[in-house]
Amino acid sequence: MSLLRKAMRMLDIKHRDLAIRMGVSPSYLSRLFHGVIDLKLDQLVRIVEALGLRPGEFFRMAYPDSAE
């Protein structure tokens, strides 16, 4: 989650704006970010795409030294 928060800061996207882009409530997104709801891969992809990133870009941010 810290990488998602970092990406949000870098892209200057607020929590509420991200929720709107995803079509979910801010409280739902907050529960995901705080681990109240388990984050599943499809939800992660939706968040990443709502940030305007492709999943591959996000995972390269998360694992910059991994071989392709």
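Colleague: Quick one to start: is Phe-33 buried or exposed?
Modeller: Buried. This is a predicted model, and in it Phe-33 has 7% relative accessibility, so it falls below the 20% cut-off for buried.

Colleague: Where is Phe-33, and which residues is it in contact with?
Modeller: Phe-33 is part of helix 3, which covers residues 26-33. Setting aside neighbours within four places in sequence, Phe-33 is in contact with Met-1, Leu-4, Arg-5, Met-8, Leu-18 and Ile-47.

Colleague: How many residues apart along the chain are Phe-33 and Leu-18?
Modeller: They are 15 residues apart along the chain, and 12 Å separates their C-alpha atoms.

Colleague: OK, on to helix packing. How is a pair of packed helices described?
Modeller: By the angle between their axes and the distance between the axes.

Colleague: Then at what angle do helix 2 and helix 3 cross?
Modeller: Roughly 110 degrees, with the axes of helix 2 (residues 15-22) and helix 3 coming within 9 Å. An angle from 65 to 115 degrees counts as roughly perpendicular, so that is the term for helix 2 and helix 3.

Colleague: Which residues meet there?
Modeller: From helix 2 you have His-15, Arg-16, Leu-18, Ala-19 and Met-22, and they meet Pro-26, Leu-29, Ser-30 and Phe-33 of helix 3. By class, that contact between helix 2 and helix 3 has six nonpolar residues, two polar and one charged.

Colleague: What about helix 1 and helix 5, how do their axes cross?
Modeller: Helix 1 (residues 2-10) and helix 5 (residues 55-62) have axes that come within 11 Å and cross at roughly 110 degrees. That makes helix 1 and helix 5 roughly perpendicular too. Their crossing is right-handed.

Colleague: And which residues make that contact?
Modeller: Helix 1 brings Leu-3, Leu-4, Ala-7 and Met-10, while helix 5 brings Phe-58, Met-61 and Ala-62. Seven residues of this contact between helix 1 and helix 5 are nonpolar, with no polar and no charged ones.

Colleague: Leu-4 has come up already. What does Leu-4 touch?
Modeller: Not counting residues up to four places away in sequence, Leu-4 touches Phe-33, Leu-44, Ile-47, Val-48, Leu-51 and Phe-58.

Colleague: Last topic, the largest nonpolar core. Which residues touch the most other members?
Modeller: That core has 19 residues, and Leu-4, Leu-18, Met-22, Leu-29, Phe-33, Ile-47 and Leu-51 touch the most other members.

Colleague: Which elements give two or more residues to this core?
Modeller: Helix 1, helix 2, helix 3 and helix 4 (41-50).

Notes
Residues are numbered from 1 along each chain as its sequence is written. This is a predicted model: local features need pLDDT of at least 70, side-chain atom pairs count only at pLDDT 80 or more; totals for chains, interfaces and linings use all residues. Side-chain values use heavy atoms; hydrogens and water are left out. Axes are lines fitted to C-alpha atoms, for helices over the stretch in contact, and angles run from 0 to 180 degrees between N-to-C directions. Helices (H or I, at least four residues) and strands (E, at least two) are DSSP runs, numbered from the N terminus. Angles under 35 degrees count as roughly parallel, over 145 as roughly antiparallel, 65 to 115 as roughly perpendicular and the rest as oblique. A crossing is left-handed if the near helix is turned anticlockwise from the far one by less than a right angle, and right-handed if clockwise. Contact means heavy atoms within 4.5 Å. Ala, Val, Leu, Ile, Met, Phe, Trp, Tyr, Cys and Pro count as nonpolar, Asp, Glu, Lys and Arg as charged, and the others, Gly among them, as polar. Buried means under 20% relative accessible area, exposed over 50%, partly exposed in between (1.4 Å probe, protein chains only). A nonpolar core is a set of buried Ala, Val, Leu, Ile, Met, Phe, Trp, Tyr and Cys residues joined through side-chain atoms within 4.5 Å.
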